[in-house]
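Please keep the sequence and the structure in view while reading.

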Amino acid sequence: MTRRDSLGRSFRGLWFATGAANLGDGVVLFALPLLAIAAGASDGLVALVTTLATLAWPLFGIHGGWLVDHLGARRILFWANSVRGVYLVGLAVAMLFGELEFWVVAVAAVLYGVAEVLVDTSLVSAVPGTVRMRHRGRANARIEATITVSNEFAGAPLGGLLISLGHVFAVGAGGVLYLLALVGIAFVRPASERPGTAPIPVTEPDRRVRAGMSFLWASATLRWLTLINAGMNLVWGMFMSVIVLYVVRPGPLDASAFAYGFVFTGMAVGGLLASLAYGWLRKRVGVSVLLGIDTIGTLILVLAPALGVDYVLLLVSGAVAAAGSSVWRILNSGIRQHLVPDYLLGRVYSASRVISWGALPIGSALAGLLVTVSGLNSVFVVASCIAGAMIVAFVVLAFVHPLRNADGHNNANGHDDANAHDSD
């Protein structure tokens, strides 16, 4: 990468921290239920660990965005990774000299969830301060690709290897990776040194926790993109909760648990390739088309098992859907960074996550009800109908509120529109 093309030392520090922390996430998330089992937990308590790790967004998301906006992304990244890193390293040391107890695993799950809210929100808020507007799409794509590789490709296999050596190795490695992220954070310049991202003045008129939700709802583009995203996440929640019943024997595909793992590997491949190709795609395809591809990919995701496809076609459909999802996340990051003032980015991001990610457990619960009452195929049929409705909703959105340069990148003349406003 030439000096002219470089995104700068500050972004590279953020990029390194993203990779280290997300690799730690992959290891820890894989290890948590196994640690609960090792601690002698019942099946209900093992399930509780997963619940504790995912509750933070709906319960803490809005306040997490407020903290990021008011304390600064760099400071939050430092303390979130420090606290969870020190806790896990301390837990690993304690495991060497005593028995593992369930309550310490539960605390680790809570710390994981809360830190995920703070770190993910901080990453989105920190990007605008580390790169110029015209480079934000490329920066967001690198962050997305790094998260995919670290969390999905490398994290779970590394966690499995470490667990096979001993639970203490997985716990200790997770903690070390979080602390290693601090090295990258040290190269991220403080907000006061980054152009256009000065700390919020004491006299800032809107310091409310709910300011992010208010701004999100006042912006037609952000509001409808968030609601459509929630609808698609409802579909993803339904798919993820029952796809194992479709793939693994005695399900329709009668595959092994090992083959089931490749379904998610295929998704990771699709997401990674889309992230790497994002710059090329954005230059040649408009925002509306790229976002629309994800709505179609979501339909393909659930329509494939609804039609009873074989294993290979299921892998292909999952990869296509994950590719569209990856591009959607990159573009949405750019759109938020373009339309939202820097001092509100954290709150708006967390508000959108509370709505869109809040649909995931609803989808899982709906799938559980449907599979119990009317069988497995009904889940995929209903999910396909919801996905089709999201395609219609997106077409209406794109017609009423054109999205051509919603991310601030002007295909026609290469200039940035830094003063865009969006409202009903």
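## Helix α14

Helix α14 covers residues 345–357, and its 13 residues, at 1.5 Å a residue, should span 18 Å, which agrees with the 17 Å between its end C-alpha atoms; the expected span is 1.5 Å times one less than the number of residues. Helices here are DSSP runs of H or I with at least four residues, numbered from the N terminus.

The helix is mostly covered, since 11 of the 13 residues of α14 are buried, where buried means under 20% relative accessible area, exposed means over 50%, and partly exposed lies in between, with a 1.4 Å probe and protein chains only. Among these buried residues are L345, Y349, R353 and S356. The buried residues of α14 pack against α3 (56–71), α5 (102–130), α8 (211–218), α9, α13 and α15 (359–373), with contact taken as heavy atoms within 4.5 Å.

## How the model is read

The model is predicted, and local features need pLDDT of at least 70, side-chain atom pairs count only at pLDDT 80 or more, while totals for chains, interfaces and linings use all residues. Residues are numbered from 1 along each chain as its sequence is written, and side-chain values use heavy atoms, with hydrogens and water left out.

S325 lies in helix α13 and is buried, with a relative accessible area of 15%. Leaving aside neighbours within four places in sequence, S325 is in contact with W236 and D294. The C-alpha atoms of S325 and G271 are separated by 7.2 Å, although the two residues are 54 residues apart along the chain.

V320 also lies in helix α13, but V320 is partly exposed, with a relative accessible area of 39%. Together with I296, I300, V312 and V316, V320 makes a nonpolar surface patch of about 390 Å². The elements that give two or more residues to this patch are α12 (287–306) and α13 (311–339), and the largest share, three residues, comes from α13. Such a patch is made of residues with over 30% relative accessible area and no salt bridge, nonpolar side chains being joined within 5 Å; a salt bridge is a side-chain nitrogen of Lys or Arg within 4 Å of a carboxyl oxygen of Asp or Glu.

## A loop residue

D254 lies in the loop between α9 (220–247) and α10 (257–276), and D254 is partly exposed, with a relative accessible area of 44%. The phi angle of D254 is near 55 degrees, a positive value in a residue other than glycine.

Conventions:
Patch = residues over 30% accessible without salt bridge, like charges linked within 9 Å, V, L, I, M, F, W, Y side chains within 5 Å. Areas by Shrake-Rupley, 256 points an atom, 1.4 Å probe, with all protein chains shown as cover.
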